[in-house]
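User: I've got a model open on my screen and I'd like to walk through it with you. Can we take it piece by piece?

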Amino acid sequence: MKVGVIGLGAMGAAMASNLAKAGYLHRIWNRTESKAKSLAARINIDVADSVPKLAEECDLILICVSADKDLCEIIERLVPALNNKHIIIDTSTVSAETAIHASSLVANKGAHFLDAPVSGGLEGAKNAQLVMMIGGEADTFNKVQPTLKTISKKQIHLGTTGSGQACKAVNQIMAAGINQAVSEAMAFAQAMKLDLDQVIDVVSSGAAGNWFLQNRAATMVRNNFESGFKLELHHKDLTICRKMAESITAVETRLPIVEMTLIHYQRLMKQGLGEKDISALFQLKQKLFVAKEAD
Ligand code: NAP
């Protein structure tokens, strides 16, 4: 299968590099051309002249863009060039509703669509250790699974289109709670004047251990929020989760962790920190203890 990748941000570039290593990658495209050119030079792959051109040159197209409207823009540009040889795999985090809409546009041209959001962070993308939550036709999933194994350690087919994104929403609610817990507990540890590297080491090894603590706490406590997952993207995900929760029941449903984290991220985004890693939440948690000391 000739694979094309559209969207070469942090995650897309890492997945493209692994597809290139496995010999599957054929073309790449990115809105900001300079990023595509610099990756192309590093992995020795040609940049497609346009989105439709990439579709003409590839049969499996993997997309990784920021949000729902961005995916819709890409799909609109792809559709005229699609036919029944094409399989589109969207790894962006968007709503299940958007995935279903994109899938129906693609199906109108006889092509196939899988929603396939990922988890595992930038580290998972770089090391081909992502997990993929997949919705769409089982036959299409079976066809592409060998290719997906070159970018991920686990691929789970959850059901019809949109079920991958529904599962990703579960993941994102949990990630919000974990960020709240880790950043608050580490600010507490700092206020207690404990050796923070020792705290991370011992707590990571016990029942409260988790990926975020292991991979983000050491940089967080050094006020380094550069790498990883932009908090404006997690904010986008949590607004999707809120909408999905509201659609489940007739009565107004509010998920406390989602609502609290949205408020916290909005505060940080107002301070211009939207492009920082989600661990920047630590800065708000630290303020709880500064206020206490000043009393
Ligand atoms: P990123 O580094 O900000 O990259 C975003 C990519 O989307 C860039 O290539 C950007 O192009 C492209 N893009 C945005 N709007 C576009 C549009 N309208 N048309 C064409 N291209 C557009 O973000 P990321 O961290 O790679 O995340 C990408 C997706 O994966 C998001 O949905 C995110 O929620 C999800 N995700 C991220 C992580 C993580 O840890 N980072 C983990 C799991 C899932 P330009 O270069 O031109 O801006």
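This is a predicted model: local features need pLDDT of at least 70, side-chain atom pairs count only at pLDDT 80 or more; totals for chains, interfaces and linings use all residues.

User: Let's look at Thr-93, then. Is Thr-93 buried or exposed?

Analyst: Thr-93 sits in the loop between strand 5 (87–90) and helix 5. Away from its sequence neighbours within four places, Thr-93 is in contact with Ser-66, Gln-165, Lys-168, Lys-236, Asp-237 and Ile-240. Its relative accessibility is 14%, and the cut-off for buried is under 20%, so Thr-93 counts as buried.

User: Which residues line the largest cavity?

Analyst: Counting cavities of 30 Å³ or more gives 1. The largest cavity holds about 40 Å³ of space. Its lining is made up of Thr-93, Val-94, Gln-165, Ala-169, Gln-172, Asp-237, Ile-240 and Cys-241.

User: Which elements give two or more residues to the lining of the largest cavity?

Analyst: By class, that lining has 4 nonpolar, 3 polar and 1 charged residues. Going by element, those giving two or more residues to the lining of the largest cavity are helix 8 (163–191) and helix 11.

User: On to the second largest pocket. Which residues line it?

Analyst: About 160 Å³ of space lies in the second largest pocket. The residues lining the second largest pocket are Asp-68, Ser-95, Ala-96, Glu-97, Ile-240, Lys-243, Met-244 and Ser-247.

User: Which helix gives the largest share of that lining?

Analyst: Two elements each give two or more residues to the lining of the second largest pocket: helix 5 (96–107) and helix 11 (231–248). The lining also draws at least three residues from each of domain 1 and domain 2. The largest share is 4 residues, and it comes from helix 11.

User: How many charged residues does the lining of the second largest pocket have?

Analyst: Sort that lining by class, and you get 3 nonpolar and 2 polar residues. The charged ones, with Asp, Glu, Lys and Arg counting as charged, number 3.

User: Met-244 is on that list. Which residues does Met-244 touch beyond four places in sequence?

Analyst: Met-244 is found in helix 11, and it counts as partly exposed because its relative accessibility is 22%. Its C-alpha atom is 8.4 Å from that of Ala-166, a residue 78 places apart from it along the chain. Leaving out residues up to four places away, Met-244 touches Ala-96, Ala-166 and Ala-169.

User: Now some backbone. What is phi of Ala-128 near, and where does Ala-128 lie?

Analyst: Most residues other than glycine have a negative phi. Ala-128 has a positive one, near 55 degrees. At 16% relative accessibility Ala-128 counts as buried, and its place is the loop between helix 6 (121–126) and strand 8 (130–135).

User: And Asn-223: is it buried, exposed or partly exposed?

Analyst: Asn-223 also has a positive phi, near 55 degrees, in a residue other than glycine. It lies in the loop between helix 10 (211–220) and helix 11. With a relative accessible area of 45%, Asn-223 is partly exposed.

User: Last one: which residues is Thr-140 in contact with, apart from its neighbours within four places in sequence?

Analyst: Thr-140 belongs to helix 7 (residues 138–148). Its relative accessibility is 3%, so Thr-140 counts as buried. Setting aside those sequence neighbours, its contacts are Ile-87, His-112 and Leu-114.

Terms used
Residues are numbered from 1 along each chain as its sequence is written. Side-chain values use heavy atoms; hydrogens and water are left out. Buried means under 20% relative accessible area, exposed over 50%, partly exposed in between (1.4 Å probe, protein chains only). Contact means heavy atoms within 4.5 Å. On a 1 Å grid over the protein atoms alone, a cavity is a set of points where a 1.4 Å probe fits but cannot get out, and a pocket is an open set with protein on both sides within 12 Å along at least five of seven lines; lining residues have an atom within 4 Å of a point. Grid points are joined across faces, edges and corners, and a volume is the space filled by probe spheres set on the points. Domain bounds come from an automatic or database domain assignment.
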